[in-house]
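Please open the structure in your viewer, with the sequence panel beside it, and follow the stops below in the order in which they are given.

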Amino acid sequence: MIRVAGLLLGVALGALMLLFGLALMLRLLLPDWYAVPGALMQMTGQRVPAVSPPPAPVVQLEYDESSFGTPDPPTPGVRNMPADSASPTPTVEPANAETPVAEVESGDAAGTLLPNRRFNVLLLGSDNDLKFSPNAVLTQAMILVSIDPANADVAMISIPRDFWVPIAGYGNQKIDVAYEVGGIALARSTVERLFGVKIDYYAWVGLNGLVQVIDTLGGVDVTVQHPILDETYPDDLNSTDPYAFFRLYIPAGPQHLDGTTALEYVRSRHGDLQSDFGRSARQQQVLVAIKNRVQTLSVVGHVPRLVAALQGSVKTDLTLADILQLAALAHKVPAGSIHQQVLAAPDFASLGYSPDGTQQVVFPNWAAIRPVVTRMLRPASAAAGPMSGT
Amino acid sequence: MRQRLIPAAYALFVVGGLLSGTLGVHHMATFADDAQVSRLPKNSSTTDHATPAPVVQSLPARLLVEVSNRAPQPTATPVAENLKGSERWSLLYVLGGDLWQTTPEGPLQLTHDGHIGQPALGEGALAFVERSRNASDIWLASADGPPWPITRNSVPTISQNHWATQPAFLPGRQRLYGLGDFNKSTTGVGDLAVWELGLDLTPPVQITRPPAYAGGDQDVTIDPVDPRQIVFTRYAYAGSQLIEQLQWLDVSTDRLVPLTPPDQSSRQATYSPDGTSLAFVQRTDGAQENLYVAHLQLADIGPHLEDPQHVATGVIANPVWCPDASSLIYIAMAGDRFEVWSVDVQRDADGAETFGGPRQMTNGPGVDASSRPVCTTPELADQVRQWLTPAPP
């Protein structure tokens, strides 16, 4: 009896070991065999090319030696000369009200941790200096970012902070109040209800958070469209006087901005001839600059350091793995696939006062907004022609 | 025979299985170690929380690879060798708020201030901008003595401070044009305009008058042949649309003529040394800019640009000419940083220009793209170095 049991035990042990041996052979002969299921291996960034693509080339000047002296360089617009026929003319296609918003399956997304379809991230930014209670801050920036990973297509819609909208339980208010009184849950549900989209993720960033993000990336390169002149820019960053101010001047033209200057660029409002709408456009511009910067860096090398530096300055339900994948996705999104829209007056809103006359507010023109949101958030393959820009 | 084969096969099976299994277990263990570091928890919670930092700290050092496409570190490469006739020209540029000079031996730091920008060279003098937190002033350096300010923020009240920037010399070195908001306290207009400044702290004289509360002026360049004529950029909003146009102005008559159409963002024009051409930057497509050179015609239908030649494409800023117009210098991206670039310019007997390929002239940690570089002779650059000693405060 004992002999039979010993024989069986030996057979079982031998079979088990042979299975491991077979596993070794498969591993050696078919190295991708382990990597198929996706999630775990993709997070390593080592064995699945789709998630850790080779770094994109550093942005280079598009010099084409052969173009010098050739007859077809772009013709500048010069007064008294024929207009540049090659210049893009923004066209707005007719809205298709039946196109579902943000619920379109966009096909294979190479098995990411993020949704395998277009998904939406609500970006929020707040002045969280000493003037405010840490847990009750308004949102000075509110940007709906919609990402279609399969088609490497990104849409950004800036929602004016002064939008006068119904907020559940609080009546009509400026939309920036939602986060102050109800946190991310209320801000999220308010945007979902008003815009008819599902918010899959959110990220909130405070003043120091943005500075740290950009400094960790080594700054961003931005072309300042016009000088930023602000006579009363708040001097409240790491300050003991929350009401201090200083004069701000950022000259126009291309330049490299460190975190502090980039914050000043996206936060200044008093000197902008377009006020909060101009500021919203600058915020989107810096987001694109951050994306461009990420594109030139080693994602795996910087994101963990970045996340470690951001404790307390950023709140999000994106995990580190999600952020790594977003950063990897940034490599794939060409500049032409980033569609930007600021819901500015007069096209998408009108300026006015709250019914009690105490607040300057912005009244949204939903009839104009909804078709644009629908169009921007449809799959890239379904969109014909360029999106309208800001 | 059969009784011997069965135990032998059994022994071979067990021993072989153990051997291959051991190897397999060892390999799987090694692989598991590799994967372990990245087994990050997927947090599906939607609650308001900070991103978990400890996960980051658990990443092994080998994953913290450095920048893969990082720009080369600053080198002592004699970058001026790229410039045609390197013994003929020297470049002055701003890096980290200080003035630098290219030399055949490598870049040379001329100041150690950290707040300097916008250098401009005149006859026997260098103007530059000294910036503080709430204000900026234009300073002059020459052989006459230590650098001195020609504008002065003397009012301690922050709201009374001014910006003075982008100096450009009129012929001679007694007066120059620059941007400022000197009448801000009386008009309430904070946007910059072009002002004429003397070297003797006399009150500045306003030259351009941008539309109040709708825009401002910048990038002034002076016709070297007829200094009554200037070109500058005027930016203004028409509704929600930003309009950036090159404007030609006869200061003596106040005749103002736009040189570029409103639907093409144009800026940073600079006169060629003979005053016949303008180099300027125009944005025609998204984030890309193009550098053009066009002839400035004043006759017939009035001031207008003709025969635009495309020179370069990219993120381009602040073109300037070398004194004999043989090279056009500008700032553009080199990898992930701004550097100074140059193209050779050849002009035929009819005045038609052809341009060579772009060549990178600096190779450091990145220049300040918002400051115009200066192309000058090595002798004059050496004089500038003398003028700046001792360095300004």
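This is a predicted model: local features need pLDDT of at least 70, side-chain atom pairs count only at pLDDT 80 or more; totals for chains, interfaces and linings use all residues.

Colour chain B by secondary structure and you will find four helices and 25 strands. Of the 393 residues in chain B, 56% are buried. If you display contacts in chain B between residues at least 6 apart in sequence, 45% of them join residues at least 24 apart.

Now hide chain B and turn to the sheet in chain A. Select β11, β6, β1, β2, β3 and β12 of chain A, which in that order make up an open sheet of six strands with mixed pairing. At its edges lie β11 (314–316) and β12 (338–342) of chain A, each of which pairs on one side only. As you look along the sheet, neighbouring strands are turned against each other by 15° on average, direction ignored.

Inside this sheet, select residues 119–125 and 201–205 of chain A, that is, strands β1 and β6, which pair in the parallel sense over five bridges.

The next selection is residues 259–267 of chain A, helix α5. Is this helix largely enclosed or largely open? Seven of its nine residues are buried, so α5(A) is largely enclosed by the rest of the structure. The buried residues are A:Gly259, A:Ala262, A:Leu263, A:Glu264, A:Tyr265, A:Val266 and A:Arg267. To see what surrounds them, select α4 (207–216), β7 (220–224), β8 (228–234), β9 (245–250), β10 (253–257) and α6 (275–296) of chain A, against which these buried residues pack.

Finally, keep α5 and α6 of chain A in view and hide the remainder. The axes of α5(A) and α6(A) come within 7 Å and cross at roughly 145°. From α5(A), A:Tyr265, A:Val266 and A:Arg267 make the contact, while α6(A) contributes A:Arg279, A:Arg282, A:Gln283, A:Gln285 and A:Val286. Coloured by residue class, the residues of this contact divide into three nonpolar, two polar and three charged.

Definitions and conventions: Residues are numbered from 1 along each chain as its sequence is written. Chains are lettered from A and ligands numbered from 1 in the order in which they are written. Side-chain values use heavy atoms; hydrogens and water are left out. Two strands pair if DSSP finds at least two bridges between them. Helices (H or I, at least four residues) and strands (E, at least two) are DSSP runs, numbered from the N terminus. Axes are lines fitted to C-alpha atoms, for helices over the stretch in contact, and angles run from 0 to 180 degrees between N-to-C directions. Buried means under 20% relative accessible area, exposed over 50%, partly exposed in between (1.4 Å probe, protein chains only). Contact means heavy atoms within 4.5 Å. Ala, Val, Leu, Ile, Met, Phe, Trp, Tyr, Cys and Pro count as nonpolar, Asp, Glu, Lys and Arg as charged, and the others, Gly among them, as polar.
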